[in-house]
Amino acid sequence: MSLPDRVKKGPPAERMKTRATAESMAARQRDISVSEFFSKNRHLLGFDNPQKALLTAVKEAVDNLLDACEEAGILPDIEVQLLQVAEERFRVCVQDNGPGIVVKQIPYVFGKLLYGSKFHRLKMSRGQQGIGISAAGMYGLLTTGKPVRIVSRTGENQPAYEVELRIDTAKNKPDIIKNQQIDVDWPHGTRVEIEMTGSYNKGRQSVDEYMLQTAIANPHARFVYRNAVGETFTYERAVEQLPPLPAEIKPHPYGIDLGFLLKLLKETQERRLSSFLQENFCRVSPAVAKAICKNAGLNEGEKPQDLGLKEAEALYQGMQKTKVMAPPTDCVSPIGAKQILAGLLQGVKAEFYTAITREPAVYRGNPFQIEVGLAYGGQLPAEDTAKVLRFANRVPLLYQQSACSVFKAVVDTNWRNYELSQPNGSLPVGPLMVMVHMASVWVPFTSESKEAIADYDEIAKEIRLGLQECGRKLSTYLRKRKKQQREGQRRSVFIRYIQEVVEAVASIKEIDKDKFRDDLIKIAQARTQMADIQLDDEGRPIAPEETSAEPTENGIIDDTTIVVAQNQAELPAEEADLLDLADQAASAASGKTAKVRGGKGGDGQAQRKAS
């Protein structure tokens, strides 16, 4: 048999194997659409599994609607509904009362990845990359084949439009299926419906938990949430004021790299290097521009477009060497200590609340601000480790906790200094909830799915300082509370044996038992008066006229701390009964003025013994 015959009769797979040539490899090369890339790598956007995909879709939609309402100056009213249409299929419905979307922009907002208004500006916002809501629609299309449905209305006198579309992943373009006017009963806003494969579960990484934490971090918004099992949760607006609208700023000289500088030099219309620096960067005055040029060894009058790579690199190094004022912080809008307390009060039943907002700081030329809140006691589980709530630009972060700078800072804090127990290398143990919020023009997430904050030294330091400040307030309060409890226990022991003391004295000398018992109770109260004192947010005693002047439902409130006495942990049954007996006896004795006279008799000895 000849060689050609053997090749012909061989297996088909062997006959097809041929070595590639440069020409054949070149023929197979083509552009890769960003939509096509993410459709094959959807885990990068947070669509790892059905449960997480459902949460990510809700999160991206709610983030966009909150941003739109705040930019338009409208207090947000957000409705979220999960409808289970099959065993593993859900329809996510989200609606707001925002300004709506111009109908011409709807296909691009929901049907094209990397399309948006937030990526190219330095201004605090929840969305950053122009991927989220489009990726949610793409995931729904990939798993169910169903298009995204959008209904939007821009004003009471404007018509509402219904648009259904798919994403053409090969071209990263929207494919419009339906575009028509419809009648709606709301004056303005947007409604988004996405059908997708998902899994609904309760727990720490559920849609239910996300909605609760979103309400805590956005107390100015009202949320109505209907989950997949028919339960409805309404989170009412805790404050009636919108957060300050952040301003847009220019890049800071310390926050750019060489490639970005080369791009600016190529695109600028400025004719002088000094004016280029002043127009394209914040905090660069004529004097600072002159200093940068001097440190770079360049002439202020040089034309920016004529600078080559060597000169651009020298300019970049000159910027890093020159002392430049930190960037402005009006581009960041923190929640605020009062608003954090309002959110925690609404979402957490605790005894003690405190919150602080740190002064703005800078990492890599980007302004940021850290806020920390603590809730302690009440209905929080006493035997579990502390619960950590992480937020970035008011958005809850529910995944990759151990990889987040916030979690690491909480673990690294020595909570034993603040009257809490803490195993080595772990979270503190006790009825504690820790909330940390980072507000920034550019949050350094560890991945495109925006689940954890990168571990920059400047960020970790600010988080640690915020935790320590709140921890000191908590420890001051807990020390005073412990002292109160000790005094209450002393009183309860005395009350337990007071009748026996009265009977013993009466057996030695004839006395008025009722009068003697009342006087002993007065002594007990005087010696243990700390048990009756109410404490303010710093653990300081409050004068009686202060406590009775303005009793409030939420306890004692100031700008940074709240104590809710109604939520204090219950005493053991026996101790509570004894304290009740002491209070009843004290009330009975309050109208009497007789005193036990100490002397050589048994009365005085018994009184001194009781003291």
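**Salt bridges across the chain**

Arg-222 comes out as partly exposed, at 28% relative accessibility (buried is under 20% relative accessible area, exposed over 50%, partly exposed in between, with a 1.4 Å probe and protein chains only). Heads up: this is a predicted model, where local features need pLDDT of at least 70, side-chain atom pairs need 80 or more, and totals for chains, interfaces and linings use all residues. Residues are numbered from 1 along each chain as its sequence is written, and side-chain values use heavy atoms, leaving out hydrogens and water.

**Overall**
- The chain has 611 residues, and 48% of them count as buried.
- You'll find 19 helices and 16 strands (DSSP runs numbered from the N terminus: H or I of at least four residues, E of at least two).
- There are 25 salt bridges (a Lys or Arg side-chain nitrogen within 4 Å of an Asp or Glu carboxyl oxygen).

**Around strand 8**
- Arg-222 pairs with Glu-236 in a salt bridge, with the closest N and O atoms 3.1 Å apart.
- Glu-236 sits in the loop between strand 8 and helix 9 and Arg-222 in strand 7, so the pair ties together parts 14 residues apart in sequence.
- Arg-237 bridges to Asp-77 at 2.6 Å between the closest N and O atoms.
- Arg-237 is buried at 18%, while Asp-77 is partly exposed at 29%.

- Glu-419 forms a salt bridge with Arg-479, at 3.1 Å between the closest N and O atoms.
- Arg-479 is in helix 15, and Glu-419 is in the loop between helix 14 and strand 14, 60 residues apart.
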